[in-house]
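I record what I looked up and what I found.

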Amino acid sequence: MKNTTLVLVIVLSILSCSKKNKEKMQTGKFEANWKSLKQYKTPEWFRDAKFGIWAHWGPQCQPEAGDWYARHMYVQGHDQYNFHKEHYGHPTEFGFKDVIHKWKAEKWDPEKLVALYKLAGAKYFFAMGNHHDNLDLWDSKYQEWNSVNVGPKKDILDGWAKAAKNNNLPFGVSIHSAHAWRWYETAQLSDTIGEYAGVSYDGKLTKKDGKGMWWEGLDPQKLYVQNHPLSEGSEDIGRIHNQWGWENGATLPSEEYCLNFYNRTVDMINKYDPDLIYFDDTALPLWPVSNVGLDIAAHYYNSNMKQHDGDLEAVLFGKILTDEQKECMVWDVERGAPDKIQEKPWQSCTCIGGWHYDRGVYDRGHYKSAKTVMQILVDIVSKNGNLLLNIPVRGDGSIDEKELKVVEGITAWMKINSECIYETRPWHIYGEGPKAESANPINSQGFNEGKGVAYSSKDIRFTKKGDALYAVVMDWPENDNEIRIKSLALNCPYYIDNFNNVKMLGGDIVSYKFDNEGLVVKLPSKSEMDAPLVLKIF
């Protein structure tokens with residue numbers, strides 16, 4: 001058996017970034033180790049906010065063909081490969097660098113979109129700083145492949161940051177590029193059959209190959225970072241998922257790569273002072289093969305404290321965290337939620353469609369409804385969480401009319417019911433009903449959204465603020481317009497006898513009573529009010 005500890009020590013020693021050409025770290029309370037980061041406390045503003053909206057937008061939205069386009073366009077037989085051949089040409093001749101060149105963002109109006117999202121009830125706004133495609137969406141000092149030099153020739157983060165500030169919303173940035181090294185390996189491959197069999201895609205091109213091309217003077221290896229051997233099983237498109245933490249035969253990133261990621265991220269922090277940062281990584285970026293994620297976290301926390309007169313107001317998200325790591329940052333659960341109240345604040349991130357804009361989702365009418373989004377939000381808030389919701393943005397920078405309808409539905413619901421969301425805290429239990437009773441413990445990666453039985457009027461979620469308890473009924477009663485909440489029975493340990501009044505936010509109730517079977521509420525005939533329905537009990 002391999003000595004895993006020894007191997008890890010050797011790897012960390014090899015990959016520890018040299019101080020040469022390294023952006024200076026802000027010193028202060030936090031040091032670059034897990035023990036020091038455990039001093040972190042989630043700021044109250046984030047606990048109160050509950051709801052943020054995300055523009056998960058970059059060059060992979062240009063084809064409008066869905067998630068992970070820049071990886072799958074290099075997989076012969078994949079739907080996105082076939083789409084790419086039909087719309088752009090063969091990936092040996094027209095690679096993702098050329099898709100970036102096509103991206104112009106000509107209809108992008110960040111002020112209009114952020115104002116729309118604030119009206120819908122968002123209390124913070126997120127933009128994407130880069131994705132696994134490795135294009136920095138700002139005037140990056142350490143990445144020549146950035147949105148100012150190529151593509152739209154615009155500083156995307158600057159536009160979003162100014163719009164967030166103008167709308168008085170905390171500004172977040174998501175960073176995903178730590179995985180480009182492994183993720184782009186498909187660009188090293190070639191077709192296995194047909195006219196182009198054995199002809200390499202463009203992932204191994206270098207600067208000298210650009211003479212006379214639109215990208216002359218740029219080095220494609222700064223984008224694709226493929227000057228390394230393939231990981232074990234790289235030809236298997238799904239193998240990346242069990243190598244996400246740089247294990248199971250993944251080719252380990254170089255010291256230069258790790259240093260470049262550190263410099264780019266610190267450059268972003270120094271330029272924009274984001275209130276929140278989301279890392280699409282297991283724990284921290286490049287952990288455990290490099291310490292640069294720890295360096296970035298310490299720099300971010302110390303920089304934020306300097307900006308706020310010694311108070312830490314920053315929120316840093318990581319995914320698939322150990323209990324110890326949950327002391328150091330906020331746990332993010334992708335497309336899912338735990339099955340019980342969490343002691344520490346956490347966040348779920350999800351999307352009304354795909355992460356990157358997908359015209360097929362639009363054509364099939366497969367966006368989540370506003371009702372579904374609100375059910376997700378209420379469930380998450382009842383468990384001490386926040387929801388970060390992505391509204392996919394088209395390549396041109398706009399959102400479509402079906403997405404706008406969803407946002408308007410969210411706006412209408414929040415206008416009536418937001419008091420059961422903002423500044424609330426969990427009750428003794430998060431809920432009752434068939435959905436709660438059948439909930440399965442979440443795995444560490446999430447992705448349990450929409451699993452199990454559908455919500456019904458028997459599904460109740462609770463939140464609390466001050467002396468008021470909010471019982472959120474996840475759907476309209478199916479038959480007799482009667483709601484029964486068992487957890488509020490007179491003989492239930494959760495019942496508090498100073499609850500005397502019940503009203504429905506935005507509507508009327510016919511009658512209510514507390515008895516040994518629960519709180520029984522009679523509603524009028526179904527109105528035009530949209531579920532979930534909110535009962536305020538005080």
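**Entry 1: strand 15**

Why is strand 15 (residues 518-522) largely enclosed by the rest of the structure? I found that four of its five residues are buried, so strand 15 is largely enclosed by the rest of the structure. Buried means under 20% relative accessible area, with exposed over 50% and partly exposed in between, for a 1.4 Å probe and protein chains only. I note that the model is predicted, that local features need pLDDT of at least 70 and side-chain atom pairs pLDDT 80 or more, and that totals for chains, interfaces and linings use all residues. Residues are numbered from 1 along each chain as its sequence is written, and side-chain values use heavy atoms, with hydrogens and water left out. Strands (E, at least two residues) and helices (H or I, at least four) are DSSP runs, numbered from the N terminus.

**Entry 2: partners of strand 15**

I next looked up the pairing, which requires that DSSP finds at least two bridges between two strands. Strand 12 (residues 482-485) runs antiparallel to strand 15 and is joined to it by four bridges. Within this pair, Leu 519 of strand 15 is the bridge partner of Ile 485. Strand 14 (residues 511-515) is also antiparallel to strand 15, with five bridges between them. Here Val 520 in strand 15 stands opposite Lys 513. Two residues lie between strand 14 and strand 15, and these strands form a hairpin.

**Entry 3: helix 11 and helix 12**

I then turned to helix packing. Two packed helices are described by the angle between their axes and the distance between the axes. Axes are lines fitted to C-alpha atoms, for helices over the stretch in contact, and angles run from 0 to 180 degrees between N-to-C directions. Helix 11 (residues 255-272) and helix 12 (residues 292-307) pack at about 15°, with axes 10 Å apart. They are therefore roughly parallel to each other (under 35 degrees; over 145 is roughly antiparallel, 65 to 115 roughly perpendicular and the rest oblique). Contact means heavy atoms within 4.5 Å. Among the residues that meet are Phe 261 and Ile 269 in helix 11, and Ile 296 and Tyr 300 in helix 12.

**Entry 4: helix 14 and helix 15**

At what angle do helix 14 (residues 370-382) and helix 15 (residues 401-417) cross? Their axes cross at roughly 50° and come within 8 Å. Helix 14 and helix 15 are therefore oblique to each other. The contact includes Val 373 and Leu 377 of helix 14, and Ile 410 and Trp 413 of helix 15.
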